[in-house]
Amino acid sequence: MKLLNVPVDISDDFKSFTNTYYLADSLSQFDAATGTGRVVYKRYVYSSRQAFDNMLGVLKPVKANEFPETEYEASPSLPFSIQFVSPKTIRVRASSGFQVKPNPESLMLVNGKAPVDTRSWNYSKISGGHRYASDYGSVTIMEHPWRVEIRDAKGKLLTKTMHHVDNADSSYTPVLPFSYVRRASDYSRSMSAVFSLGPDEKIFGCGESFTQFNKRGQKVVLWADDANGVQNETMYKPIPFFMSNRGYGMFMHTSSPITCDFGKYFNGANSLMIGDDELDLFVFLGAPKDILDEYTNLTGKAAMPPLWSFGFWMSRITYFSEQDGRNVAAKLRENQIPADVIHFDTGWFTTDWRTDYKFAPDRFKDPAKMMTDLKADGFHISLWQLPYFTPKNKLFPEIIEKGLAVKDAKGNIPYEDATLDFSNPATVTWYQEKIASLLKMGVGAIKVDFGEAAPDNGLYYSGKTGFYEHNLYPLRYNKAVADITKQVNGENIIWARSAWAGSQRYPLHWGGDAENTNTGMAAELRGGLSFGLSGFAFWSHDIGGFVQKTPEDLYRRWAAFGFLTSHTRSHGMPPKEPWEYGESFNNYFRLADNMRYQLMPYIYAQAKVCTEKGLPMVRALFVEYPNDPGSWLVDDEYLFGSDILVAPLLENVTERNVYLPPGKWIDYQSGTVYEGGWRSIAPGAVQAVILVRDGAVIPHIKLAQSTMKMDWSTLKLVAYTTGAQQAKGFVCLPKDNVLHEVTLDNQGGFFKLNKDWSNGAIRWEIQSNTEYNKSAGK
């Protein structure tokens, strides 16, 4: 429906009879030393062709239609370049016309620029073209027909740009090849980078996408949107990045609208329709881990969040008063539900939802003392806010008077609300002063809610319209809050809903307003897996769903999923507190929560690995098992870090089918050993199938009611093996954030630490998984 802020799908522009299309034809110039040259584009339009009561729109070459004829090129020769960022990363650039600022700094890239690798790639002239090769692959530029071909280190063709002759010679179906469109409506231009797809090629990523996990055969619109749920094709967090099972990934470096047709219209064509009038495409070579590492080297790796953020966040919509906060904190401790965060959502202002950065004085007598008292008991406070200001907000006149809001073409504001313009440094300063006052009062984290509705018709301080600023808005918003939080508190923590490429630098993000249904839970998991394959290490979701009161059965199963995610929060329509569901549920919730807190050394160490390698905590199986075909087919289970496999119960069943990658897997709750392949497995007391990879060391810690009370001087290393002579894992101490590998040697059935890197500072308790299960009463 054509409603306010409907996602901008530009694909119609590429099939309009009124527009003009310029098809990349041949390489007219090329300097091998610099990788720069020019491509000739031939002019076409769509024309109808009828045959036996069937009508097709086909591309026909046309002459120039401009006047005077001497001033404009019918077949323009336009800039094209190949650059290299690293031995595994290629940059392809093409332009549809003159660029006033051809190389601006980019907020999406680390330090604003991409590095240049001048040593790893070797050039060779070949018949009809040019080739560059590194140890990891090659890129070939053919002169006529013009093509860019990407190969792996063994010479296998991974993908190539599509030329008009590819379709004309092999298919009756009209397919627009690599080209750009010139719109008749406003003479604006957009690129269409069209690449080949392999017969069994699979595509993953594109951000927090809730549709089917494998994007092959789908059309994906990359436009930040308040998805109003987690079962829609729209996204809170679209990311212009994807990876293929053929061994490559692509990052479309732009903030303009993008529509990707991953073989939906034509099975063999991957059409990347980019709203920008120039193409800036990064291609990454390698296995999924290599691709994620390269992509996050370019756009940034996640910072390490504070230890307390990995604890349980207790929330609902909403706690309204200081007494509410104190009461829920007391109840958590009374019921021995380990927790680290109390979140106040929309109701801490005088008027619910009306952001003014002030605690309601009649309901919060002394918020600073409340936060001091709660922190002494191991609780941090999180606060909700958003960047839109209604006309009744007392800050509205100030925002308008100081010019801090997005404007429209007349100089007014586009909507009734004033939307903060984060491209304006004065706005960022004003906003950060408001946030800083809360952080200095004792607030631990700010909920960076909304951010998906930056006016697409707005004019921004940056000089750009919403066509370019809308998708960039979440990144600017995330950065503004993360930067001031780091400055005041010295910690890397936000709680954000919207995102764009680069937002992974500012953890963390949660999955939006999930439905309280089985299909909502399944879609949430697919979204988290896709988000993790888009460069994001940390992700959470509202346990039990958001919209209505959570059914108890769903809450039980979702809690197991939630406690085995990088971060854990119960939030949504009340009641969300476990004791409100009765003693049985309260006991169950405590059991699942205790499991997480005892696993905190594993969680924290795996998080550290993710920040160093660009890996997600909620991890698709194929990231660890790229050579296993079955691992590419699974979207309803995941690896929690590298060593624990989790298969949530997405329905109320007593057992479920679980796919296990090659090797042996040990049930975390029962100790049962399973071989790789499909298995029907019953959950344990915590209602999920939880398995540990054979040969893994899982560090544990003594249970505490908050991470603040944890004793890291004594750690239990549990070896999960089926007879291996060694088991390995990681430990990272919060005091220094240095990652250490731990190795346990099997000596006659007993495990001993190979080397104590702590030099006696840590008391190591070492057990086999069998011993641990017995001691834990499993």
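**Close-up 1. Helix α6, residues 425–441, in the predicted model.** Helix α6 has 17 residues, which at 1.5 Å a residue should span 24 Å, and its end C-alpha atoms are 24 Å apart, in agreement. The expected span is 1.5 Å times one less than the number of residues; helices (H or I, at least four residues) and strands (E, at least two) are DSSP runs numbered from the N terminus. This is a predicted model in which local features need pLDDT of at least 70 and side-chain atom pairs count only at pLDDT 80 or more, while totals for chains, interfaces and linings use all residues. Residues are numbered from 1 along each chain as its sequence is written, and side-chain values use heavy atoms, with hydrogens and water left out.

**Close-up 2. Ends and packing of α6.** A side-chain oxygen of Asn424 comes to within 3.0 Å of the backbone nitrogen of Ala426 at the start of the helix. Just past α6, Gly442 has a positive phi of about 130°. Buried residues (under 20% relative accessible area, 1.4 Å probe, protein chains only; exposed is over 50%, partly exposed in between) of α6 include Trp430, Tyr431, Ile435 and Leu439. The buried residues of α6 pack against β22 (380–385), β23 (388–389), α5 (396–401), β25 (445–448) and α7 (466–489), where contact means heavy atoms within 4.5 Å.

**Close-up 3. Helix α11, residues 600–613.** The 14 residues of α11 reach 20 Å from first C-alpha to last, close to the 20 Å expected. Twelve of these 14 residues are buried, so α11 is largely enclosed by the rest of the structure. Among the buried ones are Met600, Tyr604, Lys608 and Cys610. Gly614, just after the helix, takes a positive phi of about 75°.

**Close-up 4. Cysteines Cys260 and Cys610.** With a disulfide taken as a pair of cysteine sulfur atoms within 2.5 Å, the count is zero. For Cys260, the nearest cysteine sulfur is that of Cys206, 5.2 Å away. Cys260 counts as buried at 0% relative accessibility. For Cys610, the nearest cysteine sulfur belongs to Cys732 and is 12 Å away; Cys610 is buried too, at 1% relative accessibility.

**Close-up 5. The largest pocket.** A pocket is an open set of points on a 1 Å grid over the protein atoms alone, where a 1.4 Å probe fits, with protein on both sides within 12 Å along at least five of seven lines; lining residues have an atom within 4 Å of a point. The largest pocket has a volume of about 1000 Å³, the space filled by probe spheres set on points joined across faces, edges and corners. Of its 32 lining residues, Lys101, Pro104, Glu105, Glu278 and Lys464 are closest to the centre. Helix α7 gives the most to the lining, with four residues.

Conventions. Polar contact = N/O pair within 3.5 Å; in protein donor to acceptor, adjacent residues only side chain to side chain.
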